[in-house]
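Me: I've got a structure open and I'd like to learn how to read it feature by feature. Can you walk me through?

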Amino acid sequence: MSATQLKAPQHNAPKICQLPDGLTIVAEQMPVEAVNLNVWLNVGSVVEPDAINGMAHFLEHMVFKGTPNLQAGEFDRVIEERGAMMNAATSQDYTHYFITTAPKDFAELAPLQLDVACHPSIPDEEFERERLVVLEEICRAEDNPKRRTFRRAMETCFERLPYRRQVLGSASAVSELTPGQMRDFHAHWYQPEAMTVAAVGNLPVEELIATVADSWDEKSQTSRVASEPAYLQPESPFTEIVRQEYVDESLQQARLVMVWRVPGMTELPETYALDVLSAILGQGKMSRLLRDLREKRQLVSSIGAGNMTQQLQGCFYISAQLPAENLAEVEAAITQHLRRLQAEPVAESDLARICTQVANRYIFGSEKPSNRAYLYGYFQSQLGDLAPALHYPQSIQAIEAADVQAAAQRYLSPDAYGVVVMRPA
């Protein structure tokens, strides 16, 4: 077992260990009376063929339905008896399982979390029962106007990449999945080389690592061959305005979403200026779009911007809720703001304020063991490198006005983007 101590700013000092079979453990002691364990898998909906779209998310449900060592519901019962908390999430690029426990319970509960993730039984009868739950979740998502709008925006942003599909999958695909397919999917993708376990909390680092390593040795030593995901190419930037319009009878106001294809995790330094740009445009009460279009001109009910960084390619978006009669004026106003960002450097005083806002939001979001473990698991699993997680605030504070202007010029064309309009009936 090899170990590396990382030098980090402030109080962050995680230690990384890699077991002989490829499992990576990240651990850090933090003076809060809790311990969070995050188990990360480099598998999400992006690796699914269309025919089994939704499998990774469905599997996330099924890992809690028992193992050869645990009856269905036993893990939930023990978690509740100890007053711990658990949850899981699936995205396009990853799946992760996490528990938060009292330090005194960590040695008992950590092996159980690893067991359910690595050795789910996936019994046929539980599979059929849980399929109904997943189908209901898909139905609820389709009934949610916000989720419908997001889905159509992703379908517009990405023409080929699987990011255009729903993580939940389609009802038709999920209805056809079988327990055997899921067992094969788990065996193929849930490999030690594709796993990162992050443990953060008030126990010595050596104890956190030993607990995970001993649990792994006891329950998870199997001979598996690591698998590589299919190679996918990022899509080219938009060369024109691609417009999709829909009528949605459930809406009281229209929705407008504009999207641009931008770099992802494979070009991480390119994303920092885009993070700052999203704050300049549409995050916080001082953001340009909110002050202009909501406060000053009162053309929108709400407006915001974000830079969604994914493994293969990201999506920069601007979204607004507004009266339908204002759609054309608001879209034109947004493009004018982009032209201004491309033509005029952001004032140094404004940039300093915004970079501090973005950096501090990140710092404040890592104050709990669960948040810290999430960041470590995310960056280590997605990049194999914790440095960006540790130094993100410094990277943001180093952004200069010329960097912001160059990013706007390179990635946020006011003449070529995807746009989704949802109109009320």
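Reply: Let's begin with a definition: helices here are DSSP runs of at least four residues, numbered from the N terminus. With that in hand, Thr149 lies in helix H5, which covers residues 145-157. Keep in mind that this is a predicted model.

Me: Is Thr149 buried or exposed?

Reply: The cut-off you need is that buried means under 20% relative accessible area. Thr149 has 6% relative accessibility, so it counts as buried. Leaving aside residues up to four places away in sequence, Thr149 touches Arg255, Val257 and Met422.

Me: Now sheets. What is the order of the strands in the open sheet of 5 strands?

Reply: The general idea comes before the case. Strands of a sheet pair through backbone hydrogen bonds, and they can do that parallel or antiparallel. In this open sheet the order is S8-S12-S9-S11-S10, and the pairing is mixed. Strand S8 (242-248) and strand S10 (302-308) are the edge strands, each pairing on one side only. From one strand to the next, the twist averages 15°.

Me: Which helix packs on that sheet?

Reply: That's helix H11, residues 327-343, which touches S8, S9, S10, S11 and strand S12 (418-424). The direction of H11 makes about 30° with that of S9.

Me: How many bridges are there between S10 and S11?

Reply: There are 7, and S10 pairs with strand S11 (residues 314-322) in the antiparallel sense. To find one on screen, look for Gly304, whose bridge partner in S11 is Ser319.

Me: What about strand S3? How many of its 6 residues are buried?

Reply: S3 spans residues 24-29 and is mostly covered, with 5 of the 6 buried. Now check its pairing. S3 runs antiparallel to strand S2 (residues 15-18), joined by 4 bridges, and Lys15 has Ala27 in S3 as its bridge partner. S3 also runs parallel to strand S7 (residues 195-201), this time with 6 bridges. There, Glu28 has Val200 in S7 as its bridge partner.

Me: What lies between the strands in the hairpin of S2 and S3?

Reply: There are 5 residues between them, and in this hairpin Gly22 takes a positive phi near 110°. For another positive phi, look just after helix H10, where Gln298 has a value of about 55°.

Me: Which residues are buried in H10?

Reply: H10 runs over residues 288-296, and its buried residues include Arg288, Leu289, Leu290, Asp292 and Leu293. Among the elements covering the buried residues of H10 are helix H9 (269-282), S10, S11 and H11.

Me: H9 and H11 both turn up there. At what angle do their axes cross?

Reply: Roughly 130°, and the axes come within 12 Å. That makes H9 oblique to H11, and the crossing is right-handed. In this contact, H9 contributes Leu277, Ile280 and Leu281, while H11 contributes His337, Leu338 and Leu341. Sorted by class, the contact has 5 nonpolar, 1 polar and no charged residues.

Terms used: Residues numbered from 1 in each chain as written. Predicted model: local features only at pLDDT ≥ 70, side-chain atom pairs only at ≥ 80, totals over all residues. Heavy atoms only, no water. Pairing = 2+ DSSP bridges. Helix = DSSP H or I, 4+ residues; strand = E, 2+ residues; numbered from the N terminus. Axes fitted to C-alpha atoms, helices over the stretch in contact; angles between N-to-C directions. Contact = heavy atoms within 4.5 Å. Buried < 20%, exposed > 50% of the residue type's maximum accessible area, 1.4 Å probe, protein only. Parallel < 35°, antiparallel > 145°, perpendicular 65-115°, else oblique. Left-handed = near helix turned anticlockwise from the far one by under 90°. Nonpolar A, V, L, I, M, F, W, Y, C, P; charged D, E, K, R; others polar.
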